[in-house]
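Got a model open and wondering where its labels come from? Let's take a few of them one by one.

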Amino acid sequence: MSAAQNVRPRKPRPREQRSRTASAALHTALVAASVVAVFPVLFIVYVSLRGRDGWQEPTRWTGLDLSNYTHILGETKFLTWFGNSVVVALGTTVLGVLISATAGYAVSRMRFPGHRPLMWTFLVVQMFPMAVLIVPLYNILGELELLDSYAGLIVTYCSVSVPFCAWMLKGYFDTIPAEIDEAGRVDGLSPFGTFWRLVVPLARPGLAVTGFYSFITAWGEVAFASQFMSSEEHYTLAVGLQTFVGQQKAEWGLMTAAAVLITVPAAVVFFVAQRHLVAGLTAGGTKG
Amino acid sequence: MATVVTTVRRSFSTHWYAWAMVLPVVIVLAVLVGYPLGKGIYLSFTDANEANVARTIGVNHIEATYQSVGLDNYWKVLSGQEGHFYSRLGWTVVWTASCVFLHYTIGLGLALLLNRPMRFRALYRVLLILPWAVPAFVATFSWRLMFNEKYGVLNAFLTKLGFGSVDWLGDATLQKVSAVAVNVWLGVPFMMVAILGGLQSIPRELHEAAEMDGATPWQRFVHVTLPGLRTVSGTVILLGVIWTFNMFQVIYLLIGQGAGSESEILVTYAYRLAFQGIRDYAGSATYGILILSLLLVFAVFYRRMLARNEKEGVAVR
């Protein structure tokens, strides 16, 4: 292995050398872990390509066909649900990141009365089981006539994602030197101008992580969506998918095709954001 | 009086900017978390259910007729008269502990493996974080298909290898094992990425110095790596416990919405109380408040423990 031979000419550095056995063991372990991580995903893709009843014989080879996909796209409300999920997830991401960024910045840079309790609130709110909130929220949204609407679901999701995002962004803003703000102020920018023009562009990795978090939270939420979105026209994907595999029927072929189509946008967002994940998570998440 | 007004005015004029910037978040949290929480606490002291809350049927508006019952709900739940609170709590604790333990150890192991120069490192990293990119409900449904007794791929493999097929989701114990497996599969990437970041922030010099002093790899791991990860670990374990304790999707979608399942954790049970059968809003709120109190107590003790460890660590050094 080149990794084993690729030793710098200086004195022995055992940590960077590996015997062939160690190398082999390392790669075996990682390959095994990768197989466990990837297998379920590939398996679902495979089942989805095998027609409506292909799932019943997972180990027997019969050709591939796209009938599940054509059926999903042509004869169910999948596209409507997909659109709903996109609207809700994007709405949550934009609104959530925007308000948590301003709050995170204020908490990071300005000392004001209420600053500490606010940080505590961000942490404590994450402990709220949705079970305690869901009934009162249902009533509130009912009174505001926001049940079964995009806006109702978006603000609900914001209340879930904002505390975590604000907490993490605060940590991220802390790592940006305050001299940058001061320079901006000297040049005559308002505090908000400093934030918007100088700090936000520098905080892109942190914003990417929180945006990703908001998007995935909204894209995959089940409990609120199942109760709040009552008409089939307004189902999100998480609710719609349950209709394929219910008490009476089990259309696993259609389910898998839908699962693949649902995962693709999430995965795209994920891999765009993942370059920033390590940087953003460590800067923000570790400074409680 | 006048001084108070001036103080308020002065503090407003210096802080209004900060307040304006946090205002949206405060409003969202107050309306959507604070108020519902208050209402939830209130409901937990009443006998509210579907039949007696205020509702509108057609054009008729029916006023709420539920009454306060004091601590009765809590007494019923905590004395074990209703809902098998303690057995559910026990399983929830086992579920949380085993999931977080496996998340953390597997995540740490993989992060250690990934944190060294080697071929295909970027590829391994991408493959290993893939489960994170899959929405939890999709992953849960996929696993449900793989666990399927008659047609699932796991049983197909087992049969090929000569073992009998196993009822993964029907048997009470296996159900729990399956749920833990799915949640571990979902949660490891987050831990791995966070710990990897922590590992990379440990200065190389520390490892080199330990090596010069003749520390074995295991000693380096115990005395350099683990202390260096302390802050990251503290945060991710706290978050992991909170998230797993409240993990709704995996249990609800994997084990199903069937009534009376023993494998339900507190959160899914509270949800079922509120939305299935005769909707028991008061009971659900009571469970919710109890879950919240348990987590709060845990978080306070946990943080205190971390702070004490920190002090001892400094003293030793």
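**Labels and their cut-offs**

Over residues 150-169 of chain A the chain is 100% helix and 0% strand, with the end C-alpha atoms 26 Å apart. This is a predicted model, where local features need pLDDT of at least 70 and side-chain atom pairs 80 or more, while totals for chains, interfaces and linings use all residues. Residues are numbered from 1 along each chain as its sequence is written, and chains are lettered from A and ligands numbered from 1 in the order in which they are written.

Q: What makes residues 150-169 of chain A a "transmembrane region"?
A: That name comes from an unreviewed UniProt entry, which also lists 86-106 among others; such annotations may be inferred rather than shown by experiment.

Q: Which residues of helix 2 of chain A and helix 5 of chain B make the contact?
A: A:Pro40, A:Phe43 and A:Ile44 meet B:Ala139, B:Ser142, B:Trp143 and B:Met146. Contact needs C-beta atoms, placed from the backbone, within 7 Å.

Q: How many residues of that helix contact are nonpolar, polar or charged?
A: Six are nonpolar, one is polar and none is charged. Ala, Val, Leu, Ile, Met, Phe, Trp, Tyr, Cys and Pro count as nonpolar, Asp, Glu, Lys and Arg as charged, and the others, Gly among them, as polar.

Q: What makes 86-106 of chain A helical?
A: The stretch is 100% helix and 0% strand; helices are DSSP runs (H or I, at least four residues), and strands are E runs of at least two.

Terms used. Two residues are in contact if their C-beta atoms, placed from the backbone, lie within 7 Å.
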